Amino acid sequence: MRHRHKSLKATKANLKRPKVRKAKPTETKKTRCGDEFSVWNYDGRITFEEIIVATEDFDIKYCIGTGGYGSVYRAQLPSGKIVALKKLHHSETELAFLESFQTEARLLSQIRHRNIVKLYGFCLHKKCMFLIYKYMRRGSLFCVLRNDDEAIQLDWTKRVNIVKSMAHALSYLHYDCIPSIVHRDISSNNILLNSKLEAFVADFGVARLLHSDSSNRTVVAGTHGYIAPELAYTMVVTEKCDVFGFGVVALEVLMGRHPGDLLSSFNPKIMLIDLLDQRAPSPIDDQTVIQDIILVSKIAFACLRSKPKSRPTMRRVSKEFLVRKTALEKPALQEISISELRNQGMYLIDQYDC
């Protein structure tokens, strides 16, 4: 039986969207036996059977990625529209869970930000559940950086814009959503790129969706190499965990590879230019690009500080990119050391949460 669910009036109390257009009404379908639900707020409806046909029952040839929460499949719908389906690793079928899942999924589907992957809706069917996302043609940042031919296409302007986009998206999740959304698994695998190599944050809110009663206790450990050090002893996830993950990815974008040991120890004699990805065009002759690289580096190191309270908020980081200034006066990359960048990053903390 088809019916329209409640309007967004109830949702407005849960989500601040002063600068966001209203979402289109969402349609819901529920079968008589009560074992199938679907929500679709693009330009039509989708059912479980259509997904099975489009993916040939989730055949591995349609799988385009895997992660801590599930596997992602590429599916072309009868309308010709291509979407990404995240089949979740979860088998709970209790009514209370199903209701909680639907409530959270509907809320997440109302998220509107230009740098966050659009969640169109979800499907639940017995022990199978999946989320329906906008498809990103270039895949993950992780894969692009590890392919020489694709990495060359990421010039410094594109790389800086990727980091900026991440900052604005995370600031939105932390401060413009009510309740705020902590991502919990920021990594280059969860930053997706479209055909223009623009960045979008994916997998937002999935941990809360699957474990709505978990509060801030960590349920999924995150991705090795991006996990904030405090999680080793507190097991409590906060916004500052996302800030640390952002710092790792920001350095990864500049270096073209995971920063590895640079996160825990560093040689003060290392110069910034020695860290930059040699596959990208040399930025030496472009002062604007140089200043942007310095700013990204400085912010990245500030976000990687071991103590959570010493890291800036994502709101602060986002504002830094909007102001677009740097306190370093040396114009040549060859003259800037990692030690200087770490010290310069301290001023972000001095103006913390302004």
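User: Where does Asp 57 sit?

Analyst: Asp 57 is in the loop between helix 1 (48–55) and strand 4 (63–66). Keep in mind as we go that this is a predicted model.

User: Is Asp 57 buried or exposed?

Analyst: Exposed: its relative accessibility is 54%, and the cut-off for exposed is over 50%. Asp 57 also has a positive phi of about 60°, although it is not a glycine.

User: What is phi like at Arg 184?

Analyst: Phi there is near 85°, a positive value in a residue other than glycine. Arg 184 is found in the loop between helix 5 and strand 10. With 14% relative accessibility, Arg 184 counts as buried.

User: And where's Pro 179?

Analyst: Pro 179 has its place in the loop between helix 5 and strand 10.

User: Let's zoom out. How many helices and strands does the protein have?

Analyst: The secondary structure comes to 12 helices and 11 strands. The protein has 354 residues, and 52% of them count as buried. Take the contacts between residues at least 6 apart in sequence: 65% of those join residues at least 24 apart.

User: Back to helix 5. How far apart are its end C-alpha atoms?

Analyst: They are 29 Å apart. Helix 5 covers residues 156–175, and at 1.5 Å a residue its 20 residues should span 28 Å, so the two values agree.

User: How many of its residues are buried?

Analyst: 16 of the 20 residues of helix 5 are buried, so the helix is largely enclosed by the rest of the structure.

User: What happens at the start of helix 5?

Analyst: A side-chain oxygen of Asp 155 reaches to within 3.2 Å of the backbone nitrogen of Thr 157 there.

User: At what angle do helix 5 and helix 9 cross?

Analyst: Roughly 35°, and the axes of helix 5 and helix 9 (residues 287–303) come within 10 Å. That crossing is left-handed. On the helix 5 side, the contact is made by Trp 156, Thr 157, Val 160, Val 163 and Lys 164. Helix 9 brings Val 289, Asp 292, Ile 293 and Val 296.

User: Why would residues three or four places apart point the same way in an α-helix?

Analyst: An α-helix has 3.6 residues a turn, so residues with that spacing point the same way.

User: How many bridges join strand 10 to strand 11?

Analyst: Three bridges join strand 10 (residues 191–193) to strand 11, and the two run antiparallel. Ile 191 stands opposite Val 201 in strand 11.

User: What about strand 8, which strands does it pair with?

Analyst: Strand 7 and strand 8 (residues 128–134) pair in the antiparallel sense over six bridges. Strand 6 (residues 82–88) pairs with strand 8 as well, antiparallel over five bridges.

User: Who faces whom in strand 8?

Analyst: Cys 123 has Phe 130 as its bridge partner, and Gly 121 has Ile 132. Lys 86 stands opposite Leu 131.

User: How many residues of strand 7 and strand 8 are buried?

Analyst: For strand 7 (residues 119–125), seven of its seven residues are buried. Strand 8 has six of its seven buried, so it is largely enclosed by the rest of the structure.

User: Last topic: helix 2. Is Gln 102 buried or exposed?

Analyst: Gln 102 is buried, with a relative accessible area of 9%, and it lies in helix 2 (residues 95–108). Gln 102 and Gly 121 are 19 residues apart in sequence and 9.5 Å apart in space, C-alpha to C-alpha.

User: And which residues is Glu 104 in contact with?

Analyst: Leaving aside its neighbours within four places in sequence, Glu 104 is in contact with Arg 208 and Leu 209. Glu 104 lies in helix 2 too, and at 15% relative accessibility it counts as buried.

Key:
Residues numbered from 1 in each chain as written. Predicted model: local features only at pLDDT ≥ 70, side-chain atom pairs only at ≥ 80, totals over all residues. Heavy atoms only, no water. Buried < 20%, exposed > 50% of the residue type's maximum accessible area, 1.4 Å probe, protein only. Helix = DSSP H or I, 4+ residues; strand = E, 2+ residues; numbered from the N terminus. Pairing = 2+ DSSP bridges. Expected span 1.5 Å × (residues − 1). Polar contact = N/O pair within 3.5 Å; in protein donor to acceptor, adjacent residues only side chain to side chain. Axes fitted to C-alpha atoms, helices over the stretch in contact; angles between N-to-C directions. Left-handed = near helix turned anticlockwise from the far one by under 90°. Contact = heavy atoms within 4.5 Å.
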